[in-house]
Amino acid sequence: MPNRPTKTQRLSDLSKLEIEEATQASGQPAYRSGQVWQWMSQKGIFDVSEMRNVPKALREFLGDRYALPPLKIAHQSIAKDGTQKVLFKLGDGKLIESVLIPAEKRTTICLSSQVGCAVGCHFCASGIDGGKRNLSSGEMFEVFMYMRNQAKANDRSITNLVIMGMGEPMFNLEQVIVALDRINSEDGPNLGARRITISTVGIAHGVKRFTASKRAYNLAFSLHAPNDQLRRKIVPLESAMTVEEIRQAALDHLKETGREVTFEYVMLKGVNDSPREARELRKLMKHTQASVNLIPYNPVPELNYQRPTDEAIDTFTEILEESGVKVSVRRRKGADIDAACGQLALKKNRE
Ligand code: SAH
Ligand code: SF4
């Protein structure tokens, strides 16, 4: 998938060193670049005209060269439970979304890594129109800072970040890591690495590189089935990892980084939610050191899948727990504002 379509860079895509170099090229002392960096990385201000303590000459210099405007807000909605969903319009008019999920003790941001998704899991709204392009690290960072400021306005600070919006992060790993390192950095938002999770459907080369990078960000695999026959019915991409490859990668990741992974399992009524699958999954988990996160399906109107009954969810959970598998069940959030991944962007793109 191509990266950004234009030649002009966004200011937020520049590294600290690049901003320093640009500052020097403009004839200003290097320390001025620190002020520009602070506006972006601490306040979430990306429009140079708003950087009040930066000399006008430097603002103009940067404004001329890094002319792409900050992201626009195309739509915002708040669910009854406080979940906020924001639809962003990118420089090329494409739409992506992010969700802010306040809970009792946590406030989580869900971030997209791509526009659309090329994997096309049959149950997922993000894949319906295919993959469009990667997000740049600056675009992801701007979205993060906007959502963080939204939380701040309600006296909440961000405790967790999940890369579980639109797109497959392992197809855009480089930019995702640059964005996360910046979110994690001490002179930025300083969100702890262990509070950040990357979720992947299982793309072998990306997962290998991520493990080798030794980052302490959490890794979650979207498994969705205990065997390949069923997994292929849900995740159609031929090159996606098999169940055995995922099991092995989870062990490798633990060995290399000391970090246990999570297996996500979207529960689809009548597809993968029976006691038979639970028992098969339990068997697989015996030979894996990981926990399971069950995600009852959030229905997408265009797609023909349903959420399992509460009884089926409970039975599935009990079967896993009986043999000591660590299981969590994701509570439903933001259902009245289409807060499932990709849903709002899909709706707006088709209007
Ligand atoms: N592409 C990555 C990350 C984005 S999807 C991946 O697949 O892991 C993040 C998670 O949201 C995945 O586990 C996915 O299965 C889940 N998801 C997507 N659409 C959903 C829906 N409508 N209801 C419940 N979970 C959904
Ligand atoms: Fe892509 Fe993840 Fe949706 Fe599958 S679940 S289509 S990998 S975003």
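A polar contact is a pair of N or O atoms within 3.5 Å. That cut-off is needed at the outset, for an oxygen atom of ligand 1 lies 3.3 Å from an N or O atom in the side chain of Glu264. The model considered here is a predicted one, and the description begins at its ligands.

Two further side chains approach ligand 1 through polar atoms. Ser199 has a side-chain N or O atom 2.6 Å from an oxygen atom of ligand 1, while a polar side-chain atom of Glu168 is 3.2 Å from a nitrogen atom of ligand 1. Taken alone, ligand 1 exposes 530 Å², and 95% of that is buried by the protein. Two elements give two or more residues to the shell around ligand 1, namely strand 8 (196–200) and strand 10 (261–267). Ser199 falls within the residue range of strand 8, and Glu264 within that of strand 10. There are 21 residues around ligand 1, of which Gly167, Ser199, Ser222, Val266 and Asn298 come nearest. By class, the shell around ligand 1 comprises twelve nonpolar, seven polar and two charged residues.

Cys117, Val119, Gly120, Cys121, Cys124, Gly167 and Val201 surround ligand 2. Five of the residues in this shell are nonpolar and two are polar, and none is charged. Gly167 is named both among the residues that come nearest to ligand 1 and among those that surround ligand 2.

Ala118 lies in the loop between strand 5 and strand 6. Because its relative accessibility is 44%, Ala118 counts as partly exposed. Ala118 is ten residues from Ile128 in sequence, and their C-alpha atoms are 8.9 Å apart in space.

A pair of aromatic rings is described by the distance of the centres and the angle of the planes. In this model the count comes to six aromatic pairs. One of them joins Phe123 and Tyr297 edge-to-face, with 6.1 Å from centre to centre and 90° between the planes. Tyr305 is buried, as is Tyr297. Through these ring pairs, Phe123, Tyr297 and Tyr305 are linked into a cluster.

The charged end of Lys43 sits over the ring of Trp39, at 4.5 Å from its centre. Arg65 lies over the face of Phe61, and the distance to the ring centre is 3.6 Å.

The side chains of Asn293 and Ser328 are joined by a polar contact of 3.1 Å. Ala290 also lies in strand 11, and with a relative accessible area of 9% Ala290 is buried. Ala290 and Gly27 are 263 residues apart along the chain, and 54 Å separates their C-alpha atoms.

Finally, the backbone has features to be noted at two loop residues. Lys214 is not a glycine, yet it has a positive phi of about 60°. Lys214 lies in the loop between helix 6 (204–213) and strand 9 (218–222), and its relative accessibility of 49% means that it counts as partly exposed. His224 likewise has a positive phi, near 65°, in a residue other than glycine. The loop that contains His224 runs between strand 9 and helix 7 (228–234). His224 is buried, with a relative accessible area of 3%.

Technical notes: Residues numbered from 1 in each chain as written. Chains lettered and ligands numbered in written order. Predicted model: local features only at pLDDT ≥ 70, side-chain atom pairs only at ≥ 80, totals over all residues. Heavy atoms only, no water. Phe/Tyr/Trp six-rings, centres within 6.5 Å; stacked < 30°, edge-to-face > 60°. Buried < 20%, exposed > 50% of the residue type's maximum accessible area, 1.4 Å probe, protein only. Lys NZ or Arg CZ within 6 Å of the ring centre and 35° of its normal. Near = heavy atom within 4 Å. Polar contact = N/O pair within 3.5 Å; in protein donor to acceptor, adjacent residues only side chain to side chain. Areas by Shrake-Rupley, 256 points an atom, 1.4 Å probe, with all protein chains shown as cover. Helix = DSSP H or I, 4+ residues; strand = E, 2+ residues; numbered from the N terminus. Nonpolar A, V, L, I, M, F, W, Y, C, P; charged D, E, K, R; others polar.
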